[in-house]
Amino acid sequence: MEKTLADLFSEAKLTKAELLENAELMGYANRPGLRSLKKSDLCNELARRILENPKVMLYGLLKYEMTILSMLAKGRRGKKILITDSELYSALVMLSLVDIEFGDGNHFIRITDDLRKAIRPIIDEVKEDKAYIARSVLEQFCLGAMNIYGVIAEHDLIKVANHCIGMKEIDETLFSLIAHSSLILKLNANLNPDEDEYYFKSPFLDIDQVDEVRQGQQPVRLKKFSPEEYFRAGNWTDFKLPNPYSEQLQSLFKKKCGLGDLDVDKIMFITWLLMQSQRLINPIEIITTYFGSITPDLDSKDFDDLLTAFTNYWNHLPQWRFKGRCASDISRPINPTRPPKVVIGPNMRKMGYTQEDVDEMMAEAFSRSFGGDDAVGQAPIFSHPGVRRNDPCPCGSGKKFKNCCGRN
């Protein structure tokens with residue numbers, strides 16, 4: 001028997017409270033009667049309201065979500081689409097509007113036939129609506145800011161939107177956006193209802209980790225990016241974070257490892273998430289532990305080139321804990337492996353110091369300066385010594401290292 005939209009809501013294993021929240025996010029909780037229903041009846045009633053008036057739900061979707069839904073609605077019955085790991089965090093999935101099929105590392109989504117019939121005649125009308133188009137652009141800027149900063153206060157989100165759109169009065173526009181976007185509403189990160197300020201989180205940040213990220217953020221201002229960089233960071237169909245080494249690393253993965261676009265995008269996405277996890281992990285561990293299966297046949301020169309590019313990419317990834325700053329913005333390379341040796345002199349001996357005292361003081365100073373357990377406000381920046389004078393410069397200029405960044 002073919003699944004219906006009500007079946008998807010039932011199979012999602014959501015609590016009644018979560019179903020009611022989704023109904024409110026999609027704009028279908030304004031009529032009374034939902035809260036008094038049993039969970040099974042609630043699934044049926046929510047599906048009925050969506051199928052009777054799907055425009056309300058469609059206007060709450062992002063442009064890229066609308067594009068995916070349009071492809072499914074206009075396709076044949078049962079059509080499915082391959083999606084990336086990052087697209088699992090879309091409103092289509094989180095609101096249980098699509099059926100997901102997992103297998104062999106790939107994810108496919110499809111819509112039920114009753115939803116396809118309901119939205120097919122009207123989806124183009126919504127996509128071409130001028131107000132919807134204008135709002136979708138603002139949504140993408142906001143999502144880009146959430147992805148770059150992890151957690152962002154509402155007043156900072158307004159500043160970013162003002163910077164991107166260039167409007168002096170943007171508060172009402174943003175409030176309108178929040179009131180109509182299902183995904184933006186879902187990303188409200190306020191765990192404490194008594195807080196005066198609203199916070200919004202990246203869709204890739206688990207709600208249980210919001211407080212940890214907020215408390216771990218350094219007391220610095222948000223790093224500013226260009227409107228284009230915010231826009232690309234909020235585009236799920238071509239998810240790109242500000243990083244000068246992205247294209248170089250992508251090119252090496254394709255040429256040296258024979259990977260396709262989807263595989264490369266997955267690697268870049270996983271790397272970014274591992275960076276935000278704040279684990280004690282470095283680029284060499286990631287290459288050997290997480291991606292070792294794609295590099296076993298590389299010779300030492302190719303592996304060295306790949307590791308150099310990957311290290312540069314890692315050091316320039318925006319970090320949530322530093323409000324968009326990367327390791328190269330706030331740290332110096334960790335090159336020393338042990339504290340310098342200071343031999344105690346006669347004057348220090350007269351003051352009562354021993355060689356052991358001096359060694360201990362130098363070890364403590366070394367730990368504070370170069371990212372030990374007590375270091376505050378720094379992120380480790382990793383260096384890879386594999387670039388030789390006649391090698392291509394890691395910056396991607398095409399020149400030899402000695403004639404480019406290695407001149408000094």
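Helix H20 (residues 346–350) has the lowest mean pLDDT among the elements of the protein, at 60, while helix H7 (residues 113–119) has the highest, at 95. Here pLDDT is the predictor's confidence in each residue, from 0 to 100, and helices (H or I, at least four residues) and strands (E, at least two) are DSSP runs, numbered from the N terminus.

This is a predicted model, in which local features need pLDDT of at least 70, side-chain atom pairs count only at pLDDT 80 or more, and totals for chains, interfaces and linings use all residues. Residues are numbered from 1 along each chain as its sequence is written, and side-chain values use heavy atoms, with hydrogens and water left out.

Across the protein, pLDDT averages 78, and 74% of the residues score at least 70.

| Stretch | pLDDT | Contacts in the model |
|---|---|---|
| Residues 332–336 | under 50 | 11 contacts beyond four places in sequence |
| Residues 369–376 | below 50 | 10 contacts beyond near neighbours in sequence |

Now to the sheet. Three strands form an open sheet in the order S1-S3-S2, with antiparallel pairing; strands pair if DSSP finds at least two bridges between them. Strands S1 (81–83) and S2 (99–103) stand at the edges with a single partner strand each, so one side of each lacks a neighbour in the sheet. S1 pairs with S3 (residues 106–110) over three bridges in the antiparallel sense, and Leu82 has Phe108 in S3 as its bridge partner.

Technical notes: Contact means heavy atoms within 4.5 Å.
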